[in-house]
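Thanks for coming. I will go through one structure this morning, chain by chain. Please have a look at it first.

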Amino acid sequence: MSAATLAGLIGAALVGLGLYGLITNPQPLRKILAFNLIGSGVFLLFGIIARKGAAAGFVADPVPQAMVITGIVVAFSASALAIALVLRLFQETGRVTPRPDASAGPPANGADT
Amino acid sequence: MLLGFRSLRPVTLALAGVVLSLPDPAPTLAPEAAQNLPGTGLGNPITAVLIAFRSFDTMLEKVVLVLAVVGVWSLAPDRYWGGAPGAPRAARPESTLAFLAQLLPPFGILIGIHIFWVGADEPGGAFQGGAILAAMWMITMMARLTEAPPVSSIWLRLALIAGPAVFLATGVAGVAMASGFFAYPAGFAKPLILFIEVFMTLSIAVTLPMLVAGPPRRLPRR
């Protein structure tokens, strides 16, 4: 197994782990982290696919490499926006984790905490 | 829990299968990039893809960054609008972090500009250089040696939109000066690309710290 294949398999595992965290963790911050884990796995896979496309004297296909660069920056800004939303939610309500037993609709007594 | 495990397994296995069965030789755009690289005057194919071959994509991606800053700023309570993000500056900065924040930036700023500049021919570019410059500003803000500017600052806003604005203006000018939208005139591509990248680097170096600093949390100075 080459180093590139191993890195690709690790990318696949990162996507799986991130997906697991995204589904099972109720805390928004954990969800953001898990989502970034999925992103890291995708970037790694992109890097491996770019490397497979080495041709014409280049060590890798420059198109997926360029897309990873823009993808990393967009992922960072999306995470920053998500964390800002979570912080604002905490300032407003004092909590960010949804209650597991909450029914649909607003609480009957109007209290939110 | 079990549901989560079951759901991730097929996804991971499918991706792993894709990695193991990638076609050989793989489909690649490297020959096309190599063929068109001399037209841009650049030596780094990734920079050529970013600022020349897929320039519209990169310009819109810069717009996404500006939108993210708008989104973060819009979370500010009304009374703080126009104020500065971040807590007020402490009387005494924390000594260890302050030492690091005084030691690193002189080197980091040089390295950031260097990485942007060599990006035309070597690994590097506007994103990487801008990110290093952003880190240098962030560390001085974290050490409380500097404060984030108020969001009403015209200079801050100009710096935030300089990258996409110059990029878009150059792209539109391509209609008149070259063969079309986002086309560069033959033989003059490299200076134009570097001109765009200067403003891109500036915008990235300002956007990333503003995203980290968060919405305004202090009353604006009247």
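Let me start with a term: a residue is called buried if 20 or more other C-beta atoms lie within 10 Å of its own, exposed if 12 or fewer, and partly exposed in between, with C-beta atoms placed from the backbone. This is a predicted model, in which local features need pLDDT of at least 70 and side-chain atom pairs count only at pLDDT 80 or more, while totals for chains, interfaces and linings use all residues. Residues are numbered from 1 along each chain as its sequence is written, and chains are lettered from A and ligands numbered from 1 in the order in which they are written.

First, chain B and its helix α7. Helices (H or I, at least four residues) and strands (E, at least two) are DSSP runs, numbered from the N terminus. In α7(B), the buried residues are L160(B), G163(B), P164(B), V166(B), F167(B) and T170(B).

How do α4(B) and α7(B) cross? Their axes come within 9 Å, at an angle of roughly 150°. Such axes are lines fitted to C-alpha atoms, for helices over the stretch in contact, and angles run from 0 to 180 degrees between N-to-C directions. The two helices, α4(B) and α7(B), are therefore roughly antiparallel; angles over 145 degrees count as that, under 35 as roughly parallel, 65 to 115 as roughly perpendicular and the rest as oblique. On the α4(B) side, the residues that meet α7(B) include F56(B), M59(B) and V63(B), and on the α7(B) side they include L160(B), P164(B) and F167(B). By type, the residues of this contact of α4(B) with α7(B) are 10 nonpolar, 3 polar and 1 charged. Here Ala, Val, Leu, Ile, Met, Phe, Trp, Tyr, Cys and Pro count as nonpolar, Asp, Glu, Lys and Arg as charged, and the others, Gly among them, as polar.

R144(B) sits in the loop between α6 (126–142) and α7, and is partly exposed, with 19 other C-beta atoms within 10 Å. F182(B) sits in the loop between α7 and α8, and is buried, with 22.

Now chain A. It has 3 helices and 0 strands, and 36% of its 113 residues are buried. The axes of α2(A) and α3(A) come within 10 Å and cross at roughly 180°, which makes α2(A) roughly antiparallel to α3(A).

Finally, the two chains together. The contact takes 38 residues from chain A and 38 from chain B. On the chain A side, α1 (3–24), α2 (28–52) and α3 (62–93) each supply at least two residues, and the largest share, 16 residues, comes from α3(A). That side of chain A divides into 26 nonpolar, 9 polar and 3 charged residues.

Terms used:
Contact = placed C-beta atoms within 7 Å.
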